[in-house]
Amino acid sequence: MITVTRALHFDAGHRIPDHKSQCRNMHGHRYTLEITLSGPVSTVDGAPDRGMVIDFSDVKAIAKALIVDVWDHAFLVYSGDTAVRSFLDSLADHKTVVLDRIPTAENLVQIAFDTLAAAYQAQYGDQLKLTHARLYETPNCWADCYGSQA
């Protein structure tokens, strides 16, 4: 098997409500999401993806539609963070994404992995597997999520 990785970038705000330091305040990050897929290299004569596991633009299209476009320039808020949710709800046309868990890097990469694994499975079946997702919150801090095939 060969693996390929595509990186995508987005900006989003969040807060960690019970954090002991400044992360309990509303703030933002320039996130980078790396998506790693594994599969066989196509050998079909005349196929546009011959010599590839998957075209990088196809990796991007799915991740962009399901994660990046949804989270980019949004405030990612935990459903239980009622104070911030009330504030955000008071802003007309504010891009808010309500999550079922606190928007830590660890939780966000798990959400991204689960969402994308299902999407790539639906599109490509067993020929292609999402094996790894990495979410950089800063250039020096990230969280990883691995699939069962990794």
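This is a predicted model: local features need pLDDT of at least 70, side-chain atom pairs count only at pLDDT 80 or more; totals for chains, interfaces and linings use all residues.
Colleague: Start with helix α1. Where does α1 bend, and by how much?

Modeller: Helix α1 covers residues 56–71. The bend is at Lys64 and comes to about 55°.

Colleague: How do I read which way a helix faces?

Modeller: An α-helix has 3.6 residues a turn, so residues three or four places apart point the same way. In α1 the buried residues are Val59, Ile62, Ala63, Ile67, Val68 and Trp71.

Colleague: Next, the core. How many residues does the largest nonpolar core have, and which have the most contacts inside it?

Modeller: That core has 35 residues. Ile35, Trp71, Leu116 and Tyr120 have the most contacts within it. Elements giving two or more residues are β1, β2, α1, β3, β4, α3, β5 (129–138) and β6 (141–146). Helix α3 gives the most, with 9 residues.

Colleague: Take Trp71. What is Trp71 in contact with, leaving aside its neighbours within four places in sequence?

Modeller: The partners are Phe10, Asp11, Ala12, Leu76, Val97, Leu108, Ile111 and Ala112. Trp71 also forms one aromatic cluster with Phe10 and Tyr31.

Colleague: How many aromatic pairs does the structure hold?

Modeller: There are 3. One of them joins Phe10 and Tyr31. The rings are 5.0 Å apart centre to centre, with 15° between the planes. Planes under 30 degrees apart count as stacked, and this pair is stacked.

Colleague: Why does that pair tie together parts that are apart in sequence?

Modeller: Phe10 sits in strand β1 and Tyr31 in strand β2, so the pair links parts 21 residues apart in sequence. Are the two residues buried or exposed? Both Phe10 and Tyr31 are buried.

Colleague: Why does His73 count as exposed?

Modeller: Its relative accessibility is 58%, and the cut-off for exposed is over 50%.

Colleague: Where is Asp93 placed?

Modeller: In the loop between α2 (82–89) and β4. Asp93 is not a glycine, yet has a positive phi of about 55°. Asp93 is exposed too, with a relative accessible area of 82%.

Technical notes
Residues are numbered from 1 along each chain as its sequence is written. Side-chain values use heavy atoms; hydrogens and water are left out. The bend at a residue is the angle between axes fitted to the seven residues ending there and the seven starting there. Helices (H or I, at least four residues) and strands (E, at least two) are DSSP runs, numbered from the N terminus. Buried means under 20% relative accessible area, exposed over 50%, partly exposed in between (1.4 Å probe, protein chains only). A nonpolar core is a set of buried Ala, Val, Leu, Ile, Met, Phe, Trp, Tyr and Cys residues joined through side-chain atoms within 4.5 Å. Contact means heavy atoms within 4.5 Å. Rings of Phe, Tyr and Trp (its six-membered ring) pair if their centres lie within 6.5 Å; planes under 30 degrees apart count as stacked, over 60 as edge-to-face and the rest as tilted.
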